[in-house]
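Here is a brisk walk through one model. Keep the sequence and the 3D view open while you read.

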Amino acid sequence: MQQQPTNRMPQRGFTLRHRTSSVSFSKGQTQRFESARVTLGRLPSCDVSFGNSFATVSREHAEIYFDGSSWIVKHLSKTNPTYLNGHKVTHTARLSNGDIIKLAADGPEIEFCSTKPENKFQQENFHKQVESP
């Protein structure tokens, strides 16, 4: 049976590290999330919005959600694929620390980071927030 997003808050959030530059993000830039659901796509209403940087990224391309025990990436696009570590996601896939999510064959790549940093320097950099453009 398939898990659905839960309203139960995870004990800790996650960070996405952008591996591709776009209009909205620089390569290496990070975003920290504490919510149990995050949307990715071109729409300005998406939590991670790539705007028109990548024509093959759908308006609502994918989402990351907490199912009560694990982080999950869910493919939403009807026209363009979502990849996890180079493999096409047909519906959902469980995420692990360091996984690479790619939106469309020539779209942006982001790294999923679920672990907390070990030292103060890493923690300060880990919690940097992306400023709104």
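Is Phe14 buried or exposed? Phe14 is buried, because its relative accessible area is 0% and the cut-off for buried is under 20%. Keep in mind that this is a predicted model.

**The strand around Phe14**

Phe14 lies in strand S1. That strand spans residues 14-18 and is mostly covered: 4 of its 5 residues are buried. Strand S1 has a partner in strand S2, residues 30-33. The two pair in the antiparallel sense over 4 bridges. Within this pairing, Arg17 has Thr30 of S2 as its bridge partner. S1 also pairs with S11, again antiparallel and over 4 bridges. There, Thr15 stands opposite Cys113 of S11.

**The antiparallel sheet**

These strands belong to an open sheet of 6 strands. Its order is S2-S1-S11-S10-S7-S8, and the pairing is antiparallel. S2 and strand S8 (87-88) are the edge strands, each pairing on one side only. Further along the order, strand S10 (residues 100-103) joins S11 through 3 antiparallel bridges. Strand S7 (residues 82-84) is joined to S10 by 3 bridges, also antiparallel. The hairpin of S10 and S11 has 5 residues between the strands. In that hairpin, Ala104 takes a positive phi near 75°.

| Residue | Opposite residue | Strand of the opposite residue |
|---|---|---|
| Thr15 | Cys113 | S11 |
| Ile100 | Glu111 | S11 |
| Ile101 | Ile110 | S11 |
| Tyr83 | Lys102 | S10 |

**Aromatic pairs**

How many aromatic pairs does the structure hold? There are 7. One of them joins Phe14 and Phe112: the ring centres are 5.2 Å apart and the planes meet at 35°, so the pair is tilted. Phe14 sits in strand S1 and Phe112 in strand S11, so this pair ties together parts that are 98 residues apart in sequence. Phe112 counts as buried too, because its relative accessibility is 0%. Ring pairs also build a cluster, which links Phe14, Phe33, Phe66, Trp71 and Phe112.

**The nonpolar core**

The largest nonpolar core has 24 residues. Which of them touch the most other members? They are Phe14, Leu16, Val48, Ile64, Val73, Leu95 and Ile101. The elements that give two or more residues to this core are S1, S3, strand S5 (62-66), strand S6 (71-75), S10 and S11. S5 gives the most, with 3 residues.

Take Ile101 from that list. Leaving aside neighbours within four places in sequence, its contacts include Ile64, Val73 and Leu95. Ile101 is also in contact with Thr82, Tyr83 and Leu84, and with Pro108, Glu109 and Ile110.

Strand S3 (residues 37-41) and S4 run parallel, joined by 2 bridges. Leu40 has Val48 of S4 as its bridge partner.

Gly41 is placed in strand S3. Gly41 is buried, because its relative accessible area is 0%. Not counting residues up to four places away in sequence, Gly41 touches Cys46, Val48, Ser49, Phe50 and Gly51 among others. The list also includes Val57, Ser58, Arg59 and His61. What separates Gly41 from Leu103 in sequence and in space? The two are 62 residues apart in sequence and 8.3 Å apart in space, C-alpha to C-alpha.

**A loop residue: Ser114**

Where is the place of Ser114? Ser114 is in the loop between strand S11 (109-113) and helix H1 (120-126). Ser114 is buried, because its relative accessible area of 17% falls in the range under 20%. Beyond residues up to four places away in sequence, Ser114 touches Arg12, Gly13, Phe14 and Asn97. That contact list leads back to Phe14, the buried residue of the opening question.

Technical notes
Residues numbered from 1 in each chain as written. Predicted model: local features only at pLDDT ≥ 70, side-chain atom pairs only at ≥ 80, totals over all residues. Heavy atoms only, no water. Pairing = 2+ DSSP bridges. Buried < 20%, exposed > 50% of the residue type's maximum accessible area, 1.4 Å probe, protein only. Contact = heavy atoms within 4.5 Å. Phe/Tyr/Trp six-rings, centres within 6.5 Å; stacked < 30°, edge-to-face > 60°. Core = buried A, V, L, I, M, F, W, Y, C linked by side-chain atoms within 4.5 Å.
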